[in-house]
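Me: I have a model open here and would like to go through it. Can you take a few questions?

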Amino acid sequence: MSDPVNAPHFADHTISTQERGSFCTARCTCGWYGPARRARSLARDDAAGHLEAAEEG
Ligand SMILES: [Zn+2]
């Protein structure tokens, strides 16, 4: 299952989360993906950090 995350839009960076069993991974349309997390909130934190880094360039 995938669950869109309402995050600020940056060029070519749209985050979604994907659950695998009891783990959740954040993914981005740019090809980035975060580590598997036990909690979706942690995956979203990973995604937020990615967006901040992407915005800084
Ligand atoms: Zn991205």
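Me: Cys30 first: how exposed is it?
Reply: Cys30 is partly exposed, as its relative accessible area is 40%. Buried means under 20% relative accessible area, exposed over 50%, and partly exposed in between, with a 1.4 Å probe and protein chains only. This is a predicted model: local features need pLDDT of at least 70, side-chain atom pairs count only at pLDDT 80 or more, and totals for chains, interfaces and linings use all residues. Residues are numbered from 1 along each chain as its sequence is written, and side-chain values use heavy atoms, with hydrogens and water left out.

Me: Which protein donors does the zinc ion have?
Reply: His13 (ND1), Cys28 (SG), Cys30 (SG) and His50 (NE2), at 1.8 to 2.4 Å from the zinc ion. Donors are N, O and S atoms within 2.8 Å of the metal (3.2 Å for Na, K and Ca); water is not among the atoms, so sites may look incomplete.

Me: And where do Cys30 and His50 sit?
Reply: Cys30 is in the loop between strand S3 (23-28) and helix H1 (40-56), while His50 is in helix H1, 20 residues apart, so the pair links distant parts of the chain. Helices (H or I, at least four residues) and strands (E, at least two) are DSSP runs, numbered from the N terminus.

Me: Is His50 buried or exposed?
Reply: His50 is buried, at a relative accessible area of 12%.

Me: Switching to helix H1: what about Ser41?
Reply: Ser41 is found in helix H1 and is partly exposed, at 46% relative accessible area. Its C-alpha atom is 9.8 Å from that of Ala26, 15 residues apart along the chain.

Me: What is the bridge partner of Thr17 in S3?
Reply: Ala26.

Technical notes: Two strands pair if DSSP finds at least two bridges between them.
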